[in-house]
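Visitor: I have a structure to go through. Can you walk me through it in plain words?
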There are 2 protein chains.
Amino acid sequence: MDEFMQAAIVEAKKGMTEGGVPIGSVLVHKGRIIGRGHNQRQQRGSVVLHAEMDALEQAGRQPAAVYRQSVLYTTLSPCPMCSGAILLYGIPRVVIGESRTFMGDEAHLHACGVTLEVLDDPTCRELMARFVREHPELWHEDIGE
Amino acid sequence: MDEFMQAAIVEAKKGMTEGGVPIGSVLVHKGRIIGRGHNQRQQRGSVVLHAEMDALEQAGRQPAAVYRQSVLYTTLSPCPMCSGAILLYGIPRVVIGESRTFMGDEAHLHACGVTLEVLDDPTCRELMARFVREHPELWHEDIGE
């Protein structure tokens, strides 16, 4: 598997080990990871640090040109908030582990010109399937339901 | 003026005093402010804590039902990221100080059924006009340009 999706899965597993939502993400600029993150709802009580947001935050303040040459990897289809962050910073390409557990705002991203690649990866799917089964209340909270 | 927009302006002015981007926001549930925030790019080096996100974060983890009965007040038109957060949590109504300095994703919010009220408030406009004049690089960074 792609080394960057592998790194996003490592982040998702960290989240699982910490008792959190097992979603991970990395931001990659010119073949180098500049930010890594995972969902922080349970760990830090955060309602904004989804995995993608955490990866962006860990990457720190970057010039617009960096975002525009970056690829965001995420183990799960990006929700409307994370999709909005992708659009704000003009990230042109997103690689998605899976979209079966949750279909994010892929249609809007596509309509706005973002290139999406969905891997339908079994590890990503299994992490989420187990989590949703074991912690449905936390999962629903995380997607505003 | 509406007491809640006034509270958002107080937040924006705090941001200005701290040397940051002067945008403020409050989240109001059934007539009571449950979260207050302002842009944290300069102060905390955050790329995700726009004012609206900071207000959501300060409100903490809330049940879906609370967001769906809440109103978000923001001194400036919400960018794609903040608009996405509004959609994720199903906040039905947004009151916006002004949209002249920056037009956010109002069309998308409207298309998704969110009620928007734009006040075109002179205080909100003046805060941003001065800031954009004095710190154009910080402003452009904040909107991914």
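Visitor: Which residue of chain A does Arg61(B) form a salt bridge with?
Guide: Arg61(B) pairs with Glu141(A). Their closest N and O atoms are 2.7 Å apart. Keep in mind that this is a predicted model.

Visitor: How many salt bridges are there between chain B and chain A?
Guide: The count is two. There are also 19 residue pairs in polar contact across the interface, with both residues at pLDDT 80 or more.

Visitor: Which element gives the largest share of chain B's side?
Guide: Helix 5 of chain B, with seven residues.

Visitor: And how much area is buried between the two chains?
Guide: About 2600 Å². Carbon and sulfur atoms give 59% of that. In chain B, Val47(B), Arg61(B) and Leu88(B) lose the most area to chain A. Together they make up 27% of what that side buries.

Visitor: New topic: helix 7 of chain B. Which of its residues are buried?
Guide: Cys124(B), Leu127(B), Met128(B) and Phe131(B).

Visitor: What covers them?
Guide: The cover includes helix 1, strand 3, strand 4 and helix 8 of chain B.

Visitor: Which exposed residues sit on the face turned away?
Guide: Glu126(B) and Arg133(B).

Visitor: What caps the N-terminal end of that helix?
Guide: Asp121(B) does, in helix 7 of chain B. One of its side-chain oxygens lies 3.0 Å from the backbone nitrogen of Thr123(B).

Key
Residues numbered from 1 in each chain as written. Chains lettered and ligands numbered in written order. Predicted model: local features only at pLDDT ≥ 70, side-chain atom pairs only at ≥ 80, totals over all residues. Heavy atoms only, no water. Buried < 20%, exposed > 50% of the residue type's maximum accessible area, 1.4 Å probe, protein only. Helix = DSSP H or I, 4+ residues; strand = E, 2+ residues; numbered from the N terminus. Contact = heavy atoms within 4.5 Å. Polar contact = N/O pair within 3.5 Å; in protein donor to acceptor, adjacent residues only side chain to side chain. Buried area = accessible area lost by both parts, 1.4 Å probe. Salt bridge = Lys/Arg side-chain N within 4 Å of Asp/Glu carboxyl O.
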